[in-house]
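Please look over the sequence and the model below before reading on.

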Protein chains: 2
Amino acid sequence: MAEDRVHPELFIRLFLSRNEMIGPGKARLLQLIDETGSISAAGRAMGMSYKRAWSLVETMNAMFSSPLVESSRGGTKGGGAALTDTGAEVLRLYRLIEEQAASASATSVEALKGLMGQ
Amino acid sequence: MAEDRVHPELFIRLFLSRNEMIGPGKARLLQLIDETGSISAAGRAMGMSYKRAWSLVETMNAMFSSPLVESSRGGTKGGGAALTDTGAEVLRLYRLIEEQAASASATSVEALKGLMGQ
């Protein structure tokens, strides 16, 4: 399920500043834009309105020194979209952070789960 | 500021099951209960109603094989509260997971921040 992939066991949200953050939702949106070549299709796959997906892309584009997504707006389908080099690098680094965090904490996570009922 | 401590740079929420999770808010509530000896005082320090703090404690108590917080309900101040051994261990492990995750990903986090504007 798409929803499960948005909420991995270890959910990481990185606060880049007080009001700027990247987490599983934005990372998945970037990944789906890369896969589908479309902001609207990516948003739809996440159950998100076109307006919401665009708003998130604009937020991310403004967070970094250059845009993460380039798009040709217009046309009945909303135009095409692709990750820029910066966008691909942000996605790669976010996934790496997730992997490093999960790997380093795996033993502690198992210990915590061992305290659960069942 | 208390709020900053609830949202560290690397915000970790651990999904123990589809509907059971622990993150910075619950960890901070446990820590404040330990420090203040009171669920109401701990909740107040987080800007949370007494009812909300109690509800979170009940949720956490039900998530693990034994309660995390023991309390003597009653009295005009709402009685005293303390972490159980399980509660102290859950808090310790959550903080350890945070530290391990932050330490392992520090270089990647810096690389990601290096892509930000200014």
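Within what distance do the axes of H5(A) and helix H5 of chain B come, and at roughly what angle do they cross? The axes of H5(A) and H5 (residues 85–113) of chain B come within 8 Å and cross at roughly 160°, where axes are lines fitted to C-alpha atoms, for helices over the stretch in contact, and angles run from 0 to 180 degrees between N-to-C directions. This is a predicted model, in which local features need pLDDT of at least 70 and side-chain atom pairs count only at pLDDT 80 or more, while totals for chains, interfaces and linings use all residues. Residues are numbered from 1 along each chain as its sequence is written, and chains are lettered from A.

- The crossing angle makes H5(A) roughly antiparallel to H5(B), a term used for angles over 145 degrees.
- The contact (heavy atoms within 4.5 Å) is made by residues including A:Val90, A:Leu93 and A:Gln100 of H5(A) and B:Val90, B:Leu93 and B:Gln100 of H5(B).
- By class, this contact has 18 nonpolar, 6 polar and no charged residues, with Ala, Val, Leu, Ile, Met, Phe, Trp, Tyr, Cys and Pro counted as nonpolar, Asp, Glu, Lys and Arg as charged, and the others, Gly among them, as polar.

**The sheet**
- An open sheet is formed by 4 strands in the order E2(A)-E1(A)-E1(B)-E2(B), with antiparallel pairing; strands are DSSP runs of E with at least two residues, helices are runs of H or I with at least four, and two strands pair if DSSP finds at least two bridges between them.
- Strand E2 (21–22) of chain A and strand E2 (21–22) of chain B are the edge strands, each pairing on one side only.
- Strand E1 (residues 10–15) of chain A pairs with E2(A) over 2 bridges, and A:Phe15 has A:Met21 as its bridge partner in E2(A).

Key. Side-chain values use heavy atoms; hydrogens and water are left out. Angles under 35 degrees count as roughly parallel, over 145 as roughly antiparallel, 65 to 115 as roughly perpendicular and the rest as oblique.
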